[in-house]
Amino acid sequence: MTVRVRIAPSPTGNLHIGTARTAVFNWLFARHHGGKFILRIEDTDLERSRPEYTENILTGLRWLGLNWDEGPFFQSQRLDLYKQAVEKLLEQGLAYRCYTTSEELEALREAQKARGEAPRYDNRHRNLTPEQEAAYKAEGRSFVIRFKIADEREIVWNDLVRGTMSWRGSDLGGDMVIARASEAGIGQPLYNFVVVVDDIDMQITHIIRGEDHIANTAKQILLYEALGAKIPEFAHSPLILNMEGRKLSKRDGVTSISDFKQMGFTPEGLVNYMTLLGWSPPDSTQEIFTLEAAAKEFNFERVNKAGAKFDWAKLDWLNSQYIHNMPIDKLTDLVIPYWQEAGYQFDKGRERPWLEQLVTLISQSLTRLVDAVAISQLFFSDTVEFSDEASQQLKQEGSAAALKEILTALENQPLSEATAQDIIKQVVKAQNVKKGLVMRSLRAALTGDVHGPDLIQSWLLLNQIGLDKLRLSQAIAAAN
């Protein structure tokens, strides 16, 4: 048997972190078994589905490296297939036309509520005679298609994550609507039905999804049986929770993959973290690995039943590891868009060597790619604002004189790492001051702060674009 799995997002919103984690588990399982990973877009909700959401989903999966083997397939283009399956169930007497009005259904629910009963359809139109159907049609009633569910039936399956699961037919809410009403006949088929038809048609062998779909599984198993198909295996992964143990939502910050990208997370870091959300590798000490490495080890025996808490600190740490070990040319490519978004002006072709030097300087200080904007701001501005500490440093006795001497020395020689060190030594000796005063004053003058990246390398970068002398002059003026 060739393993065939699918991810089936709905384009009613951007690619969600929960959907993306489900895609990761499907991808890992498929690759582990040398199988196929299939992408299906469940766009039958025509009112809420949007092309821009579809594009966001496709872009997000590609960005994460979750390339699919077949698809994308669109449910909106497969309506004839679903209607044929509905007709098959009608012909076999496994489904029927239900003419119950919305008012009648509401009255039924209110009566059940008054009696303290769980809401369920009472199957009142399951066995209509032809005469009764004709009478309802004469009244002008439309109909939905309902699938028959036997109350006495027990549905049992072995979940690859949760073990044996069991539901009784009486707990499924009565006969299930599988197609909406329509004046033209069979209306829009509904979710629980179309996913089964699709999975049969696409020969899906394993359905890997979040635990919030467990309630659908019993109904879907009954539909597989009714359509004469082999029932796939099911694996329901834990939900992603916030640190308080509640389901992760927009209230907890970003939840869409495009938001994570905008916040400066790398695809490698994010997908590595998602792999650990509910699964642990055999070597519990190993936390950093590629998708390909994880696929070699992935199985459902190591997927947790309990919800996976989303830990921002852990994600930040993982992301920083990928940034710190990334080749400078690649990291520069990733940082440039954030600089451009911030409005920094540079020629990314002509100034590429300088940009790579800047990235080298700041790379070990980055946790997220977007951090490069604040850390490197001083290199993209003619002037800097002095922090309170920097202002106090510039006002210290001997500070202005030291900076004047540095400025004078710059007029007589080109700057290199060696000459920069020599200039500092000369100033210390000539002014008879401590080296710390010179270094702190120079940093305050060049960067506007007393903390920051390596001073000599920062000086060299500013010198290459002609800003060091300007900053020194401004600092001397401020000191006086």
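Let me start with one term: a residue is called buried under 20% relative accessible area, exposed over 50%, and partly exposed in between. Keep that in mind. What you see above is a predicted model.

Take Arg109. Its relative accessibility is 40%, so Arg109 counts as partly exposed. Arg109 forms a salt bridge with Glu106, and their closest N and O atoms are 3.2 Å apart. Where are these two? Both sit in helix α4, residues 102-114. They are three residues apart, about one turn of the helix. Glu106 has a relative accessible area of 36%, so Glu106 is partly exposed too.

Next, Glu139. Its salt bridge partner is Arg141, with 3.0 Å between the closest N and O atoms. At 53%, Glu139 is exposed.

Now, how many salt bridges does a search of the whole structure find? The count is 26. One of them joins Asp198 and Arg78, at 2.7 Å from N to O. Asp198 lies in helix α6, and Arg78 in the loop between β3 and α3, so this pair ties together parts that are 120 residues apart in sequence. Both Asp198 and Arg78 are buried. They also belong to a network of salt bridges with shared partners, together with Arg6, Arg40, Glu42, Asp199 and Asp201.

Last, the sheet. Three strands form an open sheet in the order β4-β5-β8, and the pairing is antiparallel. Which strands are at the edges? Those are β4 (95-98) and β8 (176-179), each pairing on one side only. From one strand to the next, the twist averages 45 degrees. Between β4 and β5 there are four bridges. In β5, Arg146 is the bridge partner of Tyr96.

Notes
Residues are numbered from 1 along each chain as its sequence is written. This is a predicted model: local features need pLDDT of at least 70, side-chain atom pairs count only at pLDDT 80 or more; totals for chains, interfaces and linings use all residues. Side-chain values use heavy atoms; hydrogens and water are left out. Two strands pair if DSSP finds at least two bridges between them. Helices (H or I, at least four residues) and strands (E, at least two) are DSSP runs, numbered from the N terminus. Axes are lines fitted to C-alpha atoms, for helices over the stretch in contact, and angles run from 0 to 180 degrees between N-to-C directions. A salt bridge is a side-chain nitrogen of Lys or Arg within 4 Å of a carboxyl oxygen of Asp or Glu. Buried means under 20% relative accessible area, exposed over 50%, partly exposed in between (1.4 Å probe, protein chains only).
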